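I opened the notebook to go through one chain, element by element. The entries follow the order in which I looked things up.

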Amino acid sequence: MGDKMNYGFFRAAAASLKLKVADTDYNKKQIINAIDTALNDNIRLLVTPELSVTGYTCGDLFFTKALQSSAEKTLSDIVEYTRGKNIAVVVGMPIPFYNSLYNCAVVIHDGTVAGIVPKTHIANYNEFYEKRWFASGSDFKTCQDICICGIHTKIGSQIFDLGGGAVLGIEICEDLWVPNPPSGTLSMHGANLIANPSASDEYVSKAQYRRDLISNQSARCICAYIYAGASVYESSTDLVFSGATAVAENGAVIARGERFSRSNIITAADIDVEKLTALRRGNMSFENISRDIGFVKSTVKNDSNDLKYRFVESHPFVPANDEQRKERCSEIFTIQASGLAKRLEHVGSDGLVVGISGGLDSTLALLVCAQAMQLLGKENSNILGITMPGFGTTDRTHDNAMQLMKSLGVTAKEISIKDACIQHMRDIDHDPAVKDITYENTQARERTQILFDMANKHRCLLVGTGDLSELAMGWCTYNGDHMSMYGVNASVPKTLVRYLVRYVADVSDKNTAKILYDILDTPVSPELLPPDENGRIAQKTEDNIGPYELHDFFLYHFIRFGFDKKKLSFLAQKAFDGTYDKKTIDKWLEVFMKRFFISQFKRSCIPDSPKVGSVSLSPRGDWRMPSDASFSVFI
C-alpha cells in the first residue's frame, strides 16, 4: 500500500471556512490556512464556498469600490501564496467586467489564475435576491479575455485539465438546482470532477434534498461532485447557513462533513478518476472536448495515493446496510422468478425440472422455481425436483435436499448415479480408483443427461443452477452442470447467493426456514469426491480455487471498470486489510485471471438467463470476449 503510484485516484476536498462577511483580509488567512491543511494531507484540489473571499451575504456592499478592490488584492495574495505549491484551489469572489458584476469561481494554481467561471443561474426568489447584484454567466457565449491581479486569463464557461485524467468543471450553487445544470454540458465535454462552491441556507429537510441532488447529478454525469457550502458564519438577518460539504462519485456520497461546525471543515475524498473514465467509455454518451467550452491545462503532480480517504467495499455485490440488502435481494429474486415465468409461458411447458443437491445454488434455483409457479398461479407439484446422489454425496446434503422438496410441496424423485457412472467408466476404460477430472465430470454429465431426458419425458423446462462466480472461474463441467434450458442463477455472484437464500429463509415457514439455515451452514462443494472418514464433505471448492469473496471482488472491478492486476491487488489490500495479506491476494488474483481467460469458451455457449445486476457474463449482451485470448498481459 505504500508504493509510489496513484492507481487512477485523485484526492480532492470541499472546505467550509470560518469567514467574516466583507472582511477579505480575515478570509484570506482562513483560505491560506485551509490550503496549508490540504497540502499537508496531499490534497490536490481544494474547493472553497461561494464568494469565499468576501462572504456571500454582503448585500449592496458588493457594489462598493472598496470591497471590490480589497477582494482583488486578497486574490492576488492567495494566488502568490500558491506559487510552487502542488495544489489547485477554487475560491469565490465578485468580478467586475465592463458593465456588470459577476459571481465567480476563480481557479488558482502555482501562482497564477488558470481561469474564471461565472455563475450561470442567478437565484432570485424567496430569500435569494442575487439579480440585484450579479449578471448571469450566460452573457459569455465564448470565453473572454480578462486581466485580474495583473494576470491575463479567461472568463466564461471552461474546463481545467488537472492531469492524470482529472478534468475539472465548475458550477455555482443555484446552477445545480435548475432543470438543466451546467455540469451536464461540462461533463459531456470532458469534465469528470465538478466543483460547486455554494451558499445554500438551511431549513427543515433541505439537507437531504441537497444530498440527493449532489448524488443524482454525479450519477447522471458519471462524475465526482465536490460541494462546498457557506458556513454558519455567513448566517445573518433571516438566514442560517450550515457549512454543508460533500463529495459524491457516480451516485454515491463517499465523503460528508459535519454541518453547523464553528470551525473550519475540510472534507476530503480519494476519487477514482480511472473508474469514471472507464464507465464513460463504456457508456458511449460522452463526447470529446467541444470548441465552445474553454479548455485550460493546469496540471498538478499526482504521483501517489494511499487511499486514506476512500472506503473500499470488500463485498461489492452485497450491500452492507441490512435494509438495502433485503431490498436488493427482494428485487433480484423477483427478477429471477419473473424471467423464468415468462420463459415457461413462452415455451408452453407443463412444468419445471431442477436438480437438487442440497447446496446453495440448487437451493436458490428451486426457490426461484417455486416463486415462478406462484406468479403463474400454478402448484409447486408442477416442479420435478431430482436429487442424484453420487460418490461424494453426504447424508447432510442428501437429507436437506429431500426435506426441502417435501417442505415446498415439490414432486421429488431420487435417482442414484453411481451404477451408471461405474458402467460409463468401464465403457471408456477408466479406473474408478483414479479420482481425476474424468471421475468427477463423469458424474456431472450423468446428472445433466438425466435432467435433460426427464425434462423431455415430462414436457418440462430444465432450470440451471450454476452461478456467476462459477462461470467466471470456469468451475463447472462443460456440457454438464454448465448446461440447461434456462439458467436462473447465471448473473448472481456466489457472495450474493447466500444472502438470497437467507432472505427467503427469513420469510419462510418455520420448517422450511430450518432446512434453509442448515443449507446455509454447509460448506460449498460439488461433492464429486468421496466424503472423509467421518462422512463429511472432503472436496471444498474454496480450498481448490480460492475464496469466492476475493474472486467476486476481482470479478466486479475487472468487468465493470477494466482495472489491471496492480490496481485490483491495491484495492483488495485496502478492502481486506486484516483478512488477507498481499501475498495471498496476489496468489488468488493470478488464479482468477488465468481461470477467467481459459474458461471463456464455456461462457460463449451458456443458456439464456435473467440479468439481475451491473455485472453479467452473457455472451449475447454484456461480455463479448474471444475464447482464445491470451492472458499474458493481464497477469
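Is Ala88 buried or exposed? I found Ala88 buried, with a relative accessible area of 0%; buried means under 20% relative accessible area, exposed over 50%, and partly exposed in between, with a 1.4 Å probe and protein chains only.

**Entry 1: ground rules.** I note that this is a predicted model, in which local features need pLDDT of at least 70 and side-chain atom pairs count only at pLDDT 80 or more, while totals for chains, interfaces and linings use all residues. Residues are numbered from 1 along each chain as its sequence is written, and side-chain values use heavy atoms, with hydrogens and water left out.

**Entry 2: the chain overall.** I looked up the secondary structure of the protein chain and got 18 helices and 20 strands. Helices (H or I, at least four residues) and strands (E, at least two) are DSSP runs, numbered from the N terminus. The C-alpha trace spans about 100 × 50 × 45 Å along its principal axes. Of the 635 residues, 56% count as buried. Among contacts with a separation of 6 or more, 74% come from residues 24 or more positions apart; contact means heavy atoms within 4.5 Å.

**Entry 3: Ala88 and its strand.** I placed Ala88 in strand β3, residues 88–97. Leaving aside residues up to four places away in sequence, Ala88 touches Arg44, Leu45, Leu46, Ile108, His109, Leu162 and Val300. Asp36 is 52 residues from Ala88 along the chain, and their C-alpha atoms are separated by 12 Å. Strand β3 is mostly covered, with nine of its ten residues buried.

I then checked the partners of β3. Two strands pair if DSSP finds at least two bridges between them. Strand β2 (residues 45–47) runs parallel to β3 and is joined to it by three bridges; Leu46 has Val89 as its bridge partner in β3. Strand β4 (residues 100–109) runs antiparallel to β3, with ten bridges, and the bridge partner of Val90 in β4 is Val107. The hairpin of β3 and β4 has two residues between the strands, and Tyr98 there takes a positive phi near 50°.

**Entry 4: the seven-stranded sheet.** I traced an open sheet of seven strands in the order β13-β12-β11-β10-β9-β8-β15, with mixed pairing. Its edge strands, β13 (252–256) and β15 (294–297), each pair on one side only. The twist averages 25° from one strand to the next; axes are lines fitted to C-alpha atoms, for helices over the stretch in contact, and angles run from 0 to 180 degrees between N-to-C directions. Inside this sheet I looked at β10 (residues 193–198) and β11 (residues 224–229), which pair in the parallel sense over six bridges. Leu193 stands opposite Ala224 in β11.

**Entry 5: the five-stranded sheet.** Here the order is β18-β17-β16-β19-β20, the sheet is open and the pairing is parallel. Strands β18 (411–414) and β20 (486–487) each have a single partner strand, so one side of each is left without a neighbour in the sheet. Strand β17 (residues 383–387) pairs with β18 in the parallel sense over four bridges, and Leu384 stands opposite Thr411 in β18. Helix α8 (residues 395–408) packs on the sheet and touches β17 and β18, its direction making about 165° with that of β17. Helix α6 (residues 322–347) lies across β16 (351–355), β19 (460–464) and β20, at about 150° to β19.

**Entry 6: two helix pairs.** At what angle do α9 and α10 pack? I read about 125° for helix α9 (residues 418–427) and helix α10 (residues 437–457), with their axes 10 Å apart. The two are therefore oblique to each other: angles under 35 degrees count as roughly parallel, over 145 as roughly antiparallel, 65 to 115 as roughly perpendicular and the rest as oblique. Ala420, Cys421, His424 and Met425 of α9 meet Tyr439, Thr442, Gln443 and Glu446 of α10.

For the other pair, the axes of α16 (residues 565–575) and α17 (residues 582–598) come within 10 Å and cross at roughly 135°. Helices α16 and α17 are therefore oblique to each other as well. On the α16 side I listed Lys565, Leu568, Ser569, Ala572 and Gln573, and on the α17 side Lys582, Ile585, Asp586, Leu589, Glu590 and Met593.
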